[in-house]
Amino acid sequence: MPRRNLCPILGELCHASDFEEPNLFCKLSVQFGSSWKVIEGHCEGQSVANTARVDPRRSNFGTPLDLHLACRGIQVWPKLHVELIALNSFDNFWPVGYGFAFLPTQPGLHWIRMATWKVSSANSKSISDRFPAQNLPCHFPQFKN
């Protein structure tokens with residue numbers, strides 16, 4: 001049986017800031033190569049929806065991340081993918097940002113600040129003008145390597 005090195009990933013998805021939408025939630029996934037195997041935990045998760053009350057441009061999530069991996073090699077190092085999604089009072093939701101960050105290669109306490117790509121509201125408005133159908137189901141693509 002080949003020897004495997006264990007790699008625990010423990011952390012918390014804290015907050016998102018500088019988004020105009022007041023109600024956000026986050027979908028997250030940890031992506032890695034074929035030489036990695038999940039020993040314990042989940043590679044995908046979702047935070048609860050948060051209403052920004054104190055600071056209108058900051059949504060606090062407090063979502064834990066607890067994942068234990070075993071590896072045979074370091075090819076395709078694990079990375080964290082996030083998708084920020086806005087939610088309104090009618091339970092309609094739409095993506096507002098995407099981002100990813102490689103997980104640290106050194107053991108210890110780390111703070112990871114992740115930049116995200118914001119979905120432009122100008123583009124979504126022009127798309128909705130071209131396709132007048134409303135209330136179509138929204139499909140979020142799965143993250144791929």
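## Exercises on strands, rings and a pocket

At 43% relative accessibility, D18 counts as partly exposed, because that class lies between buried (under 20% relative accessible area) and exposed (over 50%), with a 1.4 Å probe and protein chains only. Before we start, note that this is a predicted model, where local features need pLDDT of at least 70 and side-chain atom pairs count only at pLDDT 80 or more, while totals for chains, interfaces and linings use all residues. Residues are numbered from 1 along each chain as its sequence is written, and side-chain values use heavy atoms, with hydrogens and water left out.

**Exercise 1. Find where D18 and V76 sit, and describe their phi angles.**

Step 1: Look in the loop between β1 and β2 for D18. Strands here are DSSP runs (E, at least two residues; helices are H or I, at least four), numbered from the N terminus.

Step 2: Read the backbone angle. D18 has a positive phi of about 65 degrees, although D18 is not a glycine.

Step 3: Move on to the loop between β6 and β7, where V76 is found. V76, also not a glycine, has a positive phi near 50 degrees. V76 is partly exposed, at 47% relative accessible area.

**Exercise 2. Work out the order of the strands in the open sheet.**

Step 1: Trace the 3 strands; they run in the order β1-β6-β3 with antiparallel pairing. Two strands pair if DSSP finds at least two bridges between them.

Step 2: Check the edges. β1 (5-17) and β3 (36-41) each have a single partner strand, so one side of each is left without a neighbour in the sheet.

Step 3: Zoom in on β3 and β6 (residues 58-71), which share 5 bridges. Here V38 stands opposite L69 in β6.

**Exercise 3. Follow the pairing from β7 through β8 to β9.**

Step 1: Begin with β7 and β8 (residues 93-102), an antiparallel pair with 9 bridges. W94 in β8 is the bridge partner of A86.

Step 2: Inspect the hairpin of β7 and β8. There are 5 residues between the strands, and D91 takes a positive phi near 60 degrees.

Step 3: Continue to β9, joined to β8 by 3 bridges in the antiparallel sense. G97 has K118 of β9 as its bridge partner.

**Exercise 4. Describe the aromatic pair of W36 and W77.**

Step 1: Count the aromatic pairs in the whole structure: there are 4. Rings of Phe, Tyr and Trp (its six-membered ring) pair if their centres lie within 6.5 Å; planes under 30 degrees apart are stacked, over 60 edge-to-face and the rest tilted.

Step 2: Take W36 and W77, which are 5.1 Å apart centre to centre with 90 degrees between the planes, an edge-to-face pair.

Step 3: W36 is in β3 and W77 in the loop between β6 and β7, 41 residues apart. W36 is buried, with a relative accessible area of 5%.

**Exercise 5. Classify the residues that line the largest pocket.**

Step 1: Sort the lining into 26 nonpolar, 9 polar and 4 charged residues. Ala, Val, Leu, Ile, Met, Phe, Trp, Tyr, Cys and Pro count as nonpolar, Asp, Glu, Lys and Arg as charged, and the others, Gly among them, as polar.

Step 2: Locate the centre of the pocket: E12, H110, W111, I112 and R113 lie nearest, out of 39 lining residues. On a 1 Å grid over the protein atoms alone, a pocket is an open set of points where a 1.4 Å probe fits, with protein on both sides within 12 Å along at least five of seven lines; lining residues have an atom within 4 Å of a point.

Step 3: Assign the largest share of the lining, 11 residues, to β1.
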